Amino acid sequence: MNRIILSAAFFAFGSIAATAQKAWITPDPINPDDSITIWVDIKKCDCQRLVGSTEPLYIWTWSPKDRAASDPTFNGQWGNSNEVLKMTPAGNDVWYFRMVPTKFYGVTAGEIYDKGFMLLVKKKDGTGAGGGGCNEDKTEDLTIKVERPKTQAQKVSSFPQTLKMDTVPTSSNDVFTLVYNNNMEEKVSMKGVKDLYVFVQGLGTDGLTYQIASILQTGNNPQLVMKEKSPGLFIYQMRPQVFFPTLPAGVKIKTLKCQIVRKDIGSSDDTVDGTFQFHFSNTCD
Amino acid sequence: MNMKNLILISIAVLATGLASCKKEKKKIGEPASKLEGINANWVLTRVDQIDVTKTLAFVESDTLLEVTEVFAGSNPMTLDIKSADFTYAITPGTTYNLFPKASGSWKFDDVLYPSRVIFDASTAEELSMKLLRPVRPQDPNLVLKLDKRCNGKRTTSYHLWFTRKS
């Protein structure tokens, strides 16, 4: 029955995506603490040795976290996959695997959003003809990005809010505001802290990265301090295009990477988990 | 004084009191001149940004955020508007200047009941901004809404609050 339900879900939710993608997840967006399904369409992959396979296939995944041999979801050996990673055929060379991401990988939801999934599909013994690449019984490496849900309040967000793929509707010339709601913080060491700064990196259209200070020096720069707009709600405002003094004329900032840190960083306990990226629509100034 | 006289006197006093409560009719007079009201040197004192992607907002703060410090900078823009010859001049200072020109012409969409101020009308640099509040001679602020568009689609808006300098 589960298989029928999953197959129905596949056709209901994934049929459009399946026409264009090798691998995808349902639901979209996901809740990393709840059950999700990873789908792979073998026919869409570049490596075709698994097309029409009647043997069991296995998921082999190393991101957001590669698990140790002691972990129940350890990938196993290349010649002998862990049996718990066996996938289920949905027909027409589409295979799926169900998991609760935070439990499966042993990571936080933030890491799932930041890193996404990297995986491949293989036979129990992936050796095939040997020699690596598509001569082995596997697909090529597959990447699935994980979108943060937009409908619920987020701990870290932007104003204006992001549209699809972390893109804000404005240009890098417009005012951009990073918003951090400390009231939603789950990390014990960061709950209730006030001395917050933003480590900002700007990726230019010239491919170079620009920054005001290194992450360790961020707390020594008053222009990087966040302001508490209301109890527990911190904001940081800037115009990315004029923010970086070393940005050459004619180069635009296309992406901002932000990390929220305390004034004195002693360890990862002094940072908000995750790096937050924002892309700008620079079609118009 | 008998009871009958007392009642009559009381009624007379009451009627006089009621008559004195009648409101005097006031003349409304001519509406305040918006041309006179906008004729001033204005300085930018507040800027709010609007998130146009939020279509289901229940409170104003969900779509509006003050961005004065970053937008205006330490030396805010001044806008000198003259009604006599319908000219304007801008001194941008450190402000994010979205006016295409430093000076030029301006007009209201309607002189008596304006809802928009149009700078450099019918030119390639035309900039039309909604007037968010009346701008009569006694009003301290000129509040304009500037829509930023890309390929015809609004990307964000700014509410520009100018305060009368002179």
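Colleague: How much space lies in the largest cavity?
Modeller: This is a predicted model, where local features need pLDDT of at least 70, side-chain atom pairs count only at pLDDT 80 or more, and totals for chains, interfaces and linings use all residues. Residues are numbered from 1 along each chain, chains are lettered from A in the order written, and side-chain values use heavy atoms, without hydrogens and water. A cavity is a set of points on a 1 Å grid over the protein atoms alone where a 1.4 Å probe fits but cannot get out; points join across faces, edges and corners, and the volume is the space filled by probe spheres set on them. The largest cavity holds about 50 Å³.

Colleague: Which strand gives the most to the lining of the largest cavity?
Modeller: Lining residues have an atom within 4 Å of a cavity point. Among them are Asp174(A), Lys148(B), Arg149(B) and Cys150(B). Strands are DSSP runs of E, at least two residues long, numbered from the N terminus. With 3 residues, the top contributor is strand S8 (residues 141-150) of chain B.

Colleague: Which side chain meets Asp174(A) in a salt bridge?
Modeller: A salt bridge puts a side-chain nitrogen of Lys or Arg within 4 Å of a carboxyl oxygen of Asp or Glu. There are 2 between chain A and chain B. Here the N to O distance is 3.1 Å, and the partner is Lys148(B).

Terms used: 1 Å grid on protein atoms, 1.4 Å probe; cavity = no way out; pocket = protein on both sides within 12 Å on 5 of 7 lines; lining within 4 Å. Helix = DSSP H or I, 4+ residues; strand = E, 2+ residues; numbered from the N terminus.
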